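Hi,

Here is the structure I said I would pass on. Have a look at it first, and my notes follow below.

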Amino acid sequence: MTQATERRVLLAAPRGFCAGVDRAVLTVEKALATQGSPVYVRKEIVHNKYVVDDLSRRGAVFVDELDEVPEGATVVFSAHGVSPAVRTEADERKLTAVDATCPLVTKVHQEVTRYAADGYQILLVGHRGHEEVEGTMGEAPDRVHVIDTAEDAAAVEVDDPHKVVWLSQTTLSVDETMERVEQLQDRFEQLESPPSSDICYATQNRQVAVKQLAPECDLVLVVGSRNSSNSVRLVEVAIQAGATSSHLIDTVADIDPAWLDDIDTIGLTSGASVPEILVSQVIEYLAERGWPQPEEIVTAREHQVFALPRSLTRKTAVEV
Ligand code: SF4
């Protein structure tokens, strides 16, 4: 049986909220504070159940599509972005749109628009059906091919192999994306790369941090929701980096006590849409069962902040 004195909890840093999520959540809070309830939000503002439930209790109304929003009301677009067709529909329904799209998602939209205007075919590495991918693709639906799997990379056809570029979803596994890109490069010799990585700083930093601690861990717990791409990727990265096991948990209630039997070292991290309170609850749970306070493994310091949407900050710039 493992002795309590041998046990360790390694806490990844950075983890949790990124600047884009912070901004999106503050956007809804500010809209509620200034305009009162209800504030409609198209799709989950960020992919985290706790955050969505909390905002719902405070008066946010989450809808799947704009036809569920009364004409003339205010609607917030989520951090994952929307296609131009959604913006047009909002105008047609006379909605006041507040755009909480993460600026790093907007950057990829702008790349799509620019390359499409220059006559390129765009190979968008990402998960088919994910909201971000649908929004990005909507910038130039005739020009974008989604590359979700190795089979997609093997099968995709383009009109002109001399004018083809790859771009990506912001929240992918860096290593898996490069595997897919190498596969595409084998097929299209003149494949161009994005001017800078589309996988955002927060996704990359959280993966580097979990890679650092995973080789020492019998178990890595990743706090995050199942529909959160970057959280799911952290579980995969932990296993690939050498953790014996890894589980995605929405909250502490999802921990199966049997996971903790006969192990020495637990790694703990959280996805970019996860509030720190959910990590603290896991630490408390472990402490109640004799695990020590965590050692933080710091692989980067983050200072990125994004100002709130201008429509919400008429007089003062708000830092998030
Ligand atoms: Fe923006 Fe990256 Fe956060 Fe997504 S994970 S909201 S792209 S900073």
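Which residues surround the ligand? Before the answer, one caution: this is a predicted model. The ligand has Cys-18, Gly-20, Val-21, Cys-102, Leu-104, Thr-170, Thr-171, Cys-200, Tyr-201 and Ala-272 around it. As for the place itself, the ligand sits in the largest cavity.

Next, the nonpolar cores. The largest one has 22 residues, and Val-28, Ile-45, Val-46 and Val-76 make the most contacts inside it. Helix 1 (19–35), strand 2 (39–42) and helix 2 (49–57) each put in at least two residues, with helix 1 giving the most, at six. There is also a second, separate core of 20 residues, and Leu-11, Leu-219, Ile-249 and Tyr-285 are among its members. As background, nonpolar side chains in soluble globular proteins tend to be buried together.

Setting aside residues up to four places away in sequence, Val-46 touches Val-21, Ala-24, Val-25, Val-51, Val-52, Ala-79, His-80 and Ser-273. Val-21 turns up in the ligand shell too.

Thr-177 is another one to find, in helix 7 (residues 174–187). Thr-177 counts as buried because its relative accessible area is 3%, and the cut-off for buried is under 20%. Beyond its neighbours within four places in sequence, Thr-177 is in contact with Val-125, Trp-166, Ser-168, Leu-172 and Ile-199.

Now for some backbone details. Two cis peptide bonds to look at:

- Ala-13 to Pro-14 is cis, with omega near 5°; Pro-14 is in the loop between strand 1 (8–13) and helix 1.
- Ser-37 and Pro-38 are joined by a cis bond with omega about 0°; Pro-38 belongs to the loop between helix 1 and strand 2.

And two non-glycine residues with positive phi:

- Lys-43 has phi near 65° and lies in the loop between strand 2 and helix 2.
- Asp-262 has phi near 55° and lies in the loop between strand 10 (245–249) and strand 11 (265–270).

Are Lys-43 and Asp-262 buried or exposed? Lys-43 has 16% relative accessibility, so it counts as buried. Asp-262 is at 57%, so it counts as exposed, the cut-off there being over 50%.

That's what I have for now.

Cheers

Notes: Residues numbered from 1 in each chain as written. Predicted model: local features only at pLDDT ≥ 70, side-chain atom pairs only at ≥ 80, totals over all residues. Heavy atoms only, no water. Core = buried A, V, L, I, M, F, W, Y, C linked by side-chain atoms within 4.5 Å. Buried < 20%, exposed > 50% of the residue type's maximum accessible area, 1.4 Å probe, protein only. Helix = DSSP H or I, 4+ residues; strand = E, 2+ residues; numbered from the N terminus. Contact = heavy atoms within 4.5 Å. Near = heavy atom within 4 Å. 1 Å grid on protein atoms, 1.4 Å probe; cavity = no way out; pocket = protein on both sides within 12 Å on 5 of 7 lines; lining within 4 Å. Sits in = over half its atoms within 2 Å of the grid points.
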